[in-house]
Amino acid sequence: MANADLLKELRIEKHLREEHGQGPGRWPWIAGGIVLALALAAGVAWWVINHKAIEVQTAQAQSPVANAAAGAVLQATGYVTARRQATVSAQITGTLTDVLIEEGDHVKEGQVVARLDDSQYKAALEAARTAAAASHALVSQFQAQLTQNERDAVRNEALVEKGLVSKQVAEQSRTLVDSTRAQLVSQQRSASSADAQVTVAQVNFDYCVIRAPFDGVITTKDAQVGEIVSPFSAGGGFTRTGVGTVVDMDSLEVDVDVNEAYIGRVKPNMPAEAVLDAYPDWKIPAHVIAIVPAADRGKATVKVRVALGQKDSRIVPDMGVRVSFLEQAQGEQQTQAPKGALVPAAAIAQRDGQGVVFIVKGDSVQQRSVSSAASNVGDQSLLPNGVDVGDTVVVSPPAELKDGDRIRAATKAAQ
C-alpha cells in the first residue's frame, strides 16, 4: 500500500498536463511569409512597369520670325557653308621648319604660311645649275671649233683651185665642218635639257615655301614645326596632309534640307530670311540661289542653296541657321513677329479629343493642352499658347505616354 501511495504522488494530474500536438505549429507562419513575398514581388513589378522610362524623340520649340505667319511659305533648317575653302598643303613631301599661321589669321593670296626644309632641294638646284653651265660651256666650245673648221675648209677649197692640195683634203675639211655642226646641235639640245632640269629644280625648291591660294581666314591649324607634310599621306598617321584650312568668308552661303513634300513651294531667286541659332534676334535678308537637282532618299529631303544678303564677321562656317522662304521680299511686309512658339507638327498629339503636347521636365514629361487653332508654317506648327520658346517637346509621342511618365530622350528629331 505504501508503494501504491508513492506512485499516486508521482502521477501528474490531468488538468496539469500539456496537451501534446494541440499547438498552432509552423505552417501558418510559412504561409504568411509566402503571401507577403508574392505581394512584395507584385508591388515591385507594378512599380517597374509603371515607372519604366519610355524612349522618345525630342525637339526644341523655336521663336517665330517676323512675317512667318503672313509671308513665309516654308521654314527649314540648315548650316552655313563656304563655297570656297581649301586645305593648304605642300606639293612635295618635306619637314616643316616654319608655320606662320594661327587660327583666325587673315591671309592674302600668295602670302607665305609655312616653309619646308629646303636643304635637299637647294642642293639639287645648285647641281642642276652647274650642269647647265657646263653644258653651255660645251656649246661655246663647239661653236668656236665649228668656226675654225669652216675657215679651214674655205682655205682648202682655195688651195685646191690653185692645185696646191688634193681634193681629198678639201673633202675632209668639209666633212669635219659637218661633223662639228652636228655636235654643236646635239650639245645645244643637251644645254636646253639642262636648262629644263634647272627649271624643275627651281620649281621643287619653290614648293618648299607654302603660300595662301586666295584671300581668306585661317580656320584650322593642322601641323606644327618638325612634322612631315605630304600630299600623298605617306607614312600613315604620322604624316600630315595639310598645314591649315583657309576659308573665303565672302563665299559663305546656307545649305538647307527641305522636305521633298514641300520642295514645290521653293523657287529660284525666291526671297528668304535667315536667322542664326547663335543670334536669334538678327534677321538676315537672303534669297534662293538654286535647288540642287538631287534628293536624299534616306532623309527624303532636297538641298537648297541660299545666299546671304549681309556679310558679317559673326557668320562663320557650320553655324546652324533657320531659313524662312518668303512670298515677298523682306521690307515689303511690315507684319510683326507672331506670338507663340514653333514646334514640329508631329509633336501635337490627341488625348480625349483635345490637342496636347508633352513638355520634357527633367526625366519626365508634363502634358499641356494647346489651342486647336494652331497654324502650320511649313512642317512646323505655330502654337499661340501652352508652349514657351526654348521648351523641349516630345516629337511623335507614343500612344501610351501620359502626364508624369518617365522618359529617356533619343536622338533629337529634325526641326
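Mentor: Start in helix H4, where Arg181 and Asp178 are 3 residues apart, so about one helical turn separates them. Helices (H or I, at least four residues) and strands (E, at least two) are DSSP runs, numbered from the N terminus. This is a predicted model, where local features need pLDDT of at least 70 and side-chain atom pairs count only at pLDDT 80 or more, while totals for chains, interfaces and linings use all residues. Residues are numbered from 1 along each chain as its sequence is written, and side-chain values use heavy atoms, leaving out hydrogens and water.

Trainee: OK, and how do the side chains of Arg181 and Asp178 meet?
Mentor: In a salt bridge, 3.3 Å from N to O. That term means a side-chain nitrogen of Lys or Arg within 4 Å of a carboxyl oxygen of Asp or Glu.

Trainee: How many salt bridges does the structure hold?
Mentor: It holds 14. One of them joins Asp248 and Arg84 at 3.5 Å, N to O. That pair links distant parts of the chain, 164 residues apart.

Trainee: Is Asp248 buried or exposed?
Mentor: Buried, at 13% relative accessible area. Buried means under 20%, exposed over 50%, partly exposed in between (1.4 Å probe, protein chains only). Arg84 counts as partly exposed at 41%.

Trainee: Switching topic, what do the buried residues of H3 pack against?
Mentor: Helix H4, residues 167–206. Among those buried in H3 are Tyr121, Leu125 and Phe142.

Trainee: And what comes just after H3?
Mentor: Gly163, with a positive phi of about 80°.

Conventions:
Contact means heavy atoms within 4.5 Å.
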